[in-house]
Amino acid sequence: MLLLENIKKSFRQPDGELLPILDLPRFSVESGEQVVLVGDSGCGKTTLLHVVAGIVRADSGRILLNNVELSKFSEAGRDAIRADNIGYIFQTFNLLPAFSALENVKLGMAFARKSVDHARARRLLERVGLGHRLNNKPRAMSVGEQQRVAVARALANKPSLILADEPTANVDARNQQQIISLIRQTCSEESISLIIVTHSMDVANQFPRVDRLPEINRAASQARAWA
């Protein structure tokens with residue numbers, strides 16, 4: 001379903017030196033599989049998600065999503081593939097403040113080539129416990145409610161892959177459990193593959209597969225050796 005081979009990514013520092021962030025020989029996720037990547041800040045977790053999603057291009061290597069090689073596409077092409085195939089749950093929600101919860105979810109559908117499914121948008125919000133908040137804008141919702149809108153939006157297009165970047169970092173313990181359960185259950189029911197990155201072992205221990213990114217990312221291993 002997802003295969004990464006020989007992925008490398010570096011960023012140029014202010015002094016002109018290149019800082020290696022990713023050096024990943026191989027990483028794969030099967031259809032419907034749920035995976036957690038753990039590691040401290042700076043080990044490349046968010047960068048890896050951005051590379052998989054096509055938000056940034058890897059310096060080298062191959063990314064195959066449903067047997068389509070993403071690295072061969074332009075930025076516009078990667079955006080189109082992401083809209084049709086990938087749901088992204090951002091740590092900071094990234095909801096549009098001028099739009100209601102329902103409008104934010106439907107907007108997530110509008111970027112894909114599928115038609116906007118108004119009934120599914122409502123069902124997803126009801127499923128995450130926000131049937132009474134359909135017309136509320138983000139500023140009128142709690143942090144936990146905003147994160148649940150973000151979860152519903154990521155699921156809106158029935159993607160084949162969900163990428164979740166620290167999806168519980170900004171919510172309390174009670175909401176953490178609810179959000180992780182919602183994500184896992186929906187992905188399981190709809191055979192959606194899931195990658196969550198987190199530094200929380202409380203979150204990681206709820207999953208059958210946990211990969212420690214510093215152990216498979218040679219760039220992070222080298223950084224630790226230099227420290």
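Select helix α4, residues 118-127, in this predicted model. Which residues of the helix are buried? They are Arg120, Ala121, Leu124 and Leu125. Show their side chains and look down the axis of α4: the buried residues fall within an arc of 135°, so they line one face of the helix.

Now go to the two ends of α4. At its start, select Asp117 and Ala119: a side-chain oxygen of Asp117 comes to within 3.3 Å of the backbone nitrogen of Ala119. After the helix comes Gly129, which has a positive phi, near 85°.

Leave the helix and turn to the sheet. Strands of a sheet pair through backbone hydrogen bonds, either parallel or antiparallel. Here four strands form an open sheet in the order β2-β1-β4-β5, and the pairing is antiparallel. Which strands stand at the edges? They are β2 (18-29) and β5 (68-69); each has a single partner strand, so one side of each is left without a neighbour in the sheet.

Select β1, residues 2-12, together with β2. Ten bridges join these antiparallel strands.

Last, select helix α1, residues 45-53. Helix α1 lies across β1, β2 and β4 (60-65), and runs at about 120° to β1.

Terms used. Residues are numbered from 1 along each chain as its sequence is written. This is a predicted model: local features need pLDDT of at least 70, side-chain atom pairs count only at pLDDT 80 or more; totals for chains, interfaces and linings use all residues. Side-chain values use heavy atoms; hydrogens and water are left out. Two strands pair if DSSP finds at least two bridges between them. Contact means heavy atoms within 4.5 Å. Axes are lines fitted to C-alpha atoms, for helices over the stretch in contact, and angles run from 0 to 180 degrees between N-to-C directions. Buried means under 20% relative accessible area, exposed over 50%, partly exposed in between (1.4 Å probe, protein chains only). The arc is that of the directions from the helix axis to the C-beta atoms. A polar contact is a pair of N or O atoms within 3.5 Å; within protein, one must be able to donate a hydrogen and the other to accept it, and residues adjacent in sequence count only if both atoms are side-chain atoms.
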